[in-house]
Amino acid sequence: MTTSFDVVIVGAGLSGINAAYRLQERCPDKTYAILEARDSMGGTWDLFRYPGVRSDSDIFTFGFGFKPWTGDKTLADGAEILDYLREAASENGIDQHIRYGTKVLSADWSSPHQKWHLTIEADGRTSSIDARFLYLCCGYYRYDAGYTPDFADLGSFEGTFVHPQFWPEDLEYADKNVVIIGSGATAVTMLPAMARTARHVTMLQRSATWITPVPFRDKTAERLQSILPAKLAHSILRLRYATLRTVFYSYCRRNPEGARKLLLELVTKMLDGHEDLVAEHFTPTYNPWEQRLCAAPGADFFKAIRSGDASVVSDRIDHFEPDGIRLVSGGKLEADVVISATGLQLLPAGGIEVSVDGRKIELNQTFLWRGAMVSGVPNLAICIGYTNSSWTLRSDIAAKLVCRLLRYMDRKNLASVTASAPNGMPRSPLFNLKSGYFQRAGDQFPAQGPRGSWRLYQNYFLDRMATRRGGFDRELQGQNVR
Ligand SMILES: Cc1cc2nc3c(=O)[nH]c(=O)nc-3n(C[C@H](O)[C@H](O)[C@H](O)COP(=O)(O)OP(=O)(O)OC[C@H]3O[C@@H](n4cnc5c(N)ncnc54)[C@H](O)[C@@H]3O)c2cc1C
């Protein structure tokens, strides 16, 4: 087996597959491998199997730029996304480059050899692989554990307790009382899906979340797809959704009062006949898009509430009891099944220990240059997608940047490039959302700076322009090939 490559991509999720496609397209002479810890590709979309799992970004921007999405549903199911990723990988021969069951433990850059030395674990054994350039597409959270708060007396609960990251295939919940703890995208997705068969589903939230209805099908997409070639229709729809998202996000940030009013009016309309619930359960204390906005396709979430099959309780957990949850208010929620939709545990760079000539790099002391290159470390890029828009949009910008860098290095006969952050540059978090998991661990990630190539605009169009700019000669330190 080959153990030395021009480029090693770590992770065969959406970002790794996208990066491989761009590499094949723009740097066809480069040898590469994708190292994947799991036994299958798809990352997030292979791991999460809870009822109703789907994207909450529109699928046209969440899908790849290079592979038309031909369905007309606005948001796609997890299984559809997984099929699409697998298809993209096999159509382009990317699957041939994936080494499954291969976990990267550490990566050490050798200055004398001008290459990465990766320590990997496969089949219970450790071995090594070398690479000229390392591109980490490892996502942003731990695969082996989700986040579950310390619930008092959880051990006394006699029902089934589940974290959505580890959904038991055989979990029976028909005609059972289900309580979903949490109010993020996972809870909002799961509630209508489970309410179809459960006796009753209660979403137990500490505080309200912004939830907005989105059309289940996109009639414009249907029309465009029927009259235009698939690629052209996809490009138009992608541009349309990227623009809509950017405009709406900017509007929420610039006019939070206006955005609050607009969303509250929508929620009130959706809860037709149950408007009394709006103030108590659907009026968040934070402004729209300070946390990720949850989507309800076809208003499914609100329909489930209106039908009486599901309800929302705003309270705190005091402790668990054998048959349910005792609330701080004194009330009780009886439950056969409790789902802790309480989030992820963030993890930068897939937990890989990065070092340069044996000196450990603390990733949380670094910055990202143009949203991808790790400051002070040669030939290392990390893929972090958007959190306020489709992850894929930013992931593609970063993949194209990596290809530009590789071509630049070839033109200049460079073995490596390093982006050095200016001394004393102020640090800002990479993720600018106030969601619990970013608050808990966002500071473990590289930071962004205040301006220029060190700033992430969280705006697809600005970021795309900024990443395309020249200035490599000025901004990067190169080491010539010897
Ligand atoms: C339930 C859920 C729903 C989401 N919905 C959306 C959405 O609608 N829109 C959106 O924009 N984003 C969404 N996200 C964020 C989502 O994670 C990204 O959109 C996208 O799937 C990330 O792709 P990725 O390839 O970067 O990372 P991942 O999908 O996390 O894939 C990373 C891959 O890297 C592998 N890996 C990690 N560490 C190592 C290592 N050390 N060695 C080898 N392999 C390693 C993992 O096994 C995995 O296969 C969602 C996230 C979750 C959890």
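Me: How many aromatic pairs does a search of the whole structure find?
Reply: The model is predicted. A search of all of it finds 25 aromatic pairs.

Me: How do I read one such pair?
Reply: A pair of aromatic rings is described by two things, the distance of the centres and the angle of the planes. Take F60 and Y241 here. Their ring centres lie 5.4 Å apart, with 20 degrees between the planes. That makes the pair stacked.

Me: Which parts does the pair of F60 and Y241 tie together?
Reply: F60 belongs to helix 3 and Y241 to helix 7, so the pair links parts that are 181 residues apart in sequence. F60 and Y241 are both buried.

Me: What kind of pair do Y140 and Y141 form?
Reply: An edge-to-face pair. The centres are 5.2 Å apart and the planes stand at 85 degrees. Y140 is buried, as is Y141. These two tyrosines also belong to an aromatic cluster, together with F48, Y50, Y143 and W391.

Me: Which residue lies over the face of Y241?
Reply: R240 does, at 5.2 Å from the ring centre. Elsewhere, R427 sits over the face of F367, and there the distance to the ring centre is 4.8 Å.

Me: Which residues of helix 7 are buried?
Reply: Among them are A233, H234, L237 and R238. Further along come Y241, A242, R245, T246, Y249 and C252.

Me: What do the buried residues of helix 7 pack against?
Reply: Other helices. They are helix 3 (59-62), helix 6 (219-227), helix 8 (256-270), helix 11 (391-412) and helix 13 (460-468).

Me: Let me zoom in on one residue. Why does Y249 count as buried?
Reply: Because its relative accessibility is 7%, and buried means under 20%. Y249 is part of helix 7.

Me: Which residues does Y249 touch, not counting those up to four places away in sequence?
Reply: Y249 touches W289, N388, N432 and Q458. Look at Q458. It is 209 residues from Y249 along the chain, yet the two C-alpha atoms are separated by 9.5 Å.

Me: Now the sheets. How do strands pair?
Reply: Strands of a sheet pair through backbone hydrogen bonds, either parallel or antiparallel.

Me: How many bridges pair strand 9 with strand 17?
Reply: 4 bridges, in the parallel sense. Strand 9 spans residues 177-181, and strand 17 spans 337-340.

Me: What is the strand order in the open sheet of 3 strands?
Reply: The order is 14-15-16, with antiparallel pairing. Strand 14 (317-321) and strand 16 (332-334) stand at the edges with a single partner strand each, so one side of each has no neighbour in the sheet. The twist averages 20 degrees from one strand to the next.

Me: How many bridges join strand 15 to strand 16?
Reply: 3 bridges join them, and the strands run antiparallel. Strand 15 covers residues 324-327. Its R326 stands opposite K332 of strand 16.

Me: Last case. In which sense do strand 4 and strand 5 pair, parallel or antiparallel?
Reply: Antiparallel, over 8 bridges. Strand 4 is residues 102-110 and strand 5 is residues 115-122. Their hairpin has 4 residues between the strands, and in it Q114 takes a positive phi near 55 degrees.

Me: What stands opposite D108 in strand 5?
Reply: H117 does. D108 also has a bridge partner in strand 19, namely S355. Strand 4 and strand 19 (residues 353-356) run parallel, joined by 4 bridges.

Note on methods. Residues numbered from 1 in each chain as written. Predicted model: local features only at pLDDT ≥ 70, side-chain atom pairs only at ≥ 80, totals over all residues. Heavy atoms only, no water. Pairing = 2+ DSSP bridges. Helix = DSSP H or I, 4+ residues; strand = E, 2+ residues; numbered from the N terminus. Axes fitted to C-alpha atoms, helices over the stretch in contact; angles between N-to-C directions. Buried < 20%, exposed > 50% of the residue type's maximum accessible area, 1.4 Å probe, protein only. Contact = heavy atoms within 4.5 Å. Phe/Tyr/Trp six-rings, centres within 6.5 Å; stacked < 30°, edge-to-face > 60°. Lys NZ or Arg CZ within 6 Å of the ring centre and 35° of its normal.
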